[in-house]
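Here is a friendly briefing to read alongside the sequence and the 3D view. Keep both at hand, and let's walk through the fold topic by topic.

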Amino acid sequence: MDKLERTRASLAQIADRLDASRGTTLETWRDTVAGDPTLDAASAWTLKQFNDHFPDVLEALGRALRAWPQAPVPLISEEQAYAVSHARTRWLQGYSLTGVMREWGHFNTVVVDHLMGCVAALPEVDLPAHRVASNVWARLLNDQQTLTVKEYSQLQMAEAETRGAEVQRLLDVVRMHGSVRGRALESLATDMRNDLQLVVTSHKLGSEPGEWHRSYELQKLSEDGFRGLERALVDMVTLAHLEVGHETASKESFDAGHGLELLAEGLRYIAEQKGTSLTAEGPAPFMVQGDAERVRRLAKHLLFCVFRAPNATTAVLCWGPDARNADRWRIEVAQAMDPSASAGSNAAGIALAEATDALQQVSGVEATGYETALQRGLIPVAPGDGVDILIAKHLCELLGASLEVEAVAGSIRYIANLPVR
């Protein structure tokens, strides 16, 4: 047996031993991550949700070792798919890029240790074969980390694109209201061209009973425009504070059911003004631990995703235990689905739809058949507005929650999955 054949035989033995100890490798890695206090986002997920695509990576390592010195052609595309899906899943679960890289670092430490254990248990495996196995793993790890960072960058670009679109929308609102108000003033000034100044005109309108309605319309136009602009600017400032980490979440017991009922009652008038019927469904009392105020803000911004949508006639706010995971609970906001809505998805909405599909595949959630339409924007995600979905996403990160969007027959649902404790 020549040197190449001996090395290949040794690598095959290492691969077999790694496959046999895969469960132990993953368990050791989970224990290591659980002991890292900087990875709070890793808590309270089911085993399948937490493992995500790491078992696939270990399987890919075994195939790469057996195929050395060539790399199996299917492995290249599968590697990319693993990394992209993993990045989307962790982004949805509220991990920062730093957290994801620390998680990969822990995984690397465990795999390297198990590689050394395999070599020690196989006397016939020499140092050159061990070096080759380490190089194969290093290449696979490097590719996975690089692709993960690249996908995170794409997701952050989608967020930035949505923020840019929102700022442009605000600028358009300012220009529109300035133009409309200018035309209204011009019309009034023309009608009363004998006045020396527009201020005199405004004073005269207020004092002449015959012109009160025109003065009222002009004043209401200004007030409505500035109120809308103020709300939008407040949202942008809120988003900026969340993104730079100025907010921290408290952890205390509270009645989420009562709080969400009060929220729905308070927003019902706003919903009616927009032609939307709002109902609330869920257990009350419903005791959980977390940040009561930010949980209500999260639900509010998800509801505003519905309120701002064109032709949104119904909105349903639901809450309760997560049937898939006893350690978590859910907030759902549903609206009647309108695939023909004129406003399409923003970039953040499409990224959310893609990440939801990746997470639900890992979790074993049955497909609804609308996933492709959501990802293509054929079914709009938060149509007409992007800032509410971004604020909701960052609030979820702060609360250790995931945010998903899914479509079923007749409705589209935003789902926030939060830890019970």
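A crossing of two helices is called right-handed if the near helix is turned clockwise from the far one by less than a right angle, and left-handed if it is turned anticlockwise. With that in mind, α10 passes α11 in a right-handed crossing. Please remember that this is a predicted model. Its protein chain has a mean pLDDT of 75, and 71% of the residues reach 70 or more. Over residues 187-200 the pLDDT is below 50, and this stretch has 16 contacts in the model beyond near neighbours in sequence.

**The sheet**

- The open sheet is built from five strands, which follow the order β2-β4-β5-β7-β6 with mixed pairing.
- Which strands stand at the edges? They are β2 (277-281) and β6 (402-408); each has a single partner strand, so one side of each is left without a neighbour in the sheet.
- On average, neighbouring strands of this sheet are turned by 15 degrees against each other, if direction is ignored.
- Inside the order, β5 (residues 328-336) pairs with β7 (residues 411-419) in the antiparallel sense, over nine bridges.

**How α10 meets α11**

- These two helices pack at an angle of about 30 degrees, with their axes 10 Å apart.
- Angles under 35 degrees count as roughly parallel, and that makes α10 roughly parallel to α11.
- From α10, the contact uses G259, L260, L263, L267, I270 and A271, while α11 brings R296, A299, K300, L303, F304 and F307.
- By residue class, the contact of α10 with α11 divides into nine nonpolar, one polar and two charged.

**How α1 meets α4**

- Helix α1 (residues 3-20) and helix α4 (residues 54-67) pack at an angle of about 165 degrees, and their axes are 8 Å apart.
- That angle makes α1 roughly antiparallel to α4.
- The crossing of α1 and α4 is left-handed.
- On the α1 side you will find R8, L11, A12, I14, A15, D16, L18 and D19, which meet L61, G62, L65, R66 and A67 in α4.
- The residues of this contact of α1 with α4 comprise eight nonpolar, one polar and four charged.

**How α2 meets α6**

- Helix α2 (residues 22-34) packs with helix α6 (residues 97-121) at an angle of about 140 degrees, their axes being 9 Å apart.
- Are they parallel or oblique to each other? α2 and α6 are therefore oblique.
- α2 passes α6 in a right-handed crossing.
- The contact draws on T24, T25, L26, T28, W29, T32 and V33 of α2, together with E103, H106, F107, V110, V111 and H114 of α6.
- Sorted by class, the residues of the contact of α2 with α6 are six nonpolar, six polar and one charged.

**A cis peptide bond**

- One backbone detail to look up is the peptide bond from A284 to P285, which is cis, with omega near 5 degrees.
- P285 lies in the loop between β2 and β3 (287-290).

Key
Residues numbered from 1 in each chain as written. Predicted model: local features only at pLDDT ≥ 70, side-chain atom pairs only at ≥ 80, totals over all residues. Heavy atoms only, no water. Pairing = 2+ DSSP bridges. Helix = DSSP H or I, 4+ residues; strand = E, 2+ residues; numbered from the N terminus. Axes fitted to C-alpha atoms, helices over the stretch in contact; angles between N-to-C directions. Parallel < 35°, antiparallel > 145°, perpendicular 65-115°, else oblique. Contact = heavy atoms within 4.5 Å. Nonpolar A, V, L, I, M, F, W, Y, C, P; charged D, E, K, R; others polar. pLDDT = per-residue confidence, 0-100.
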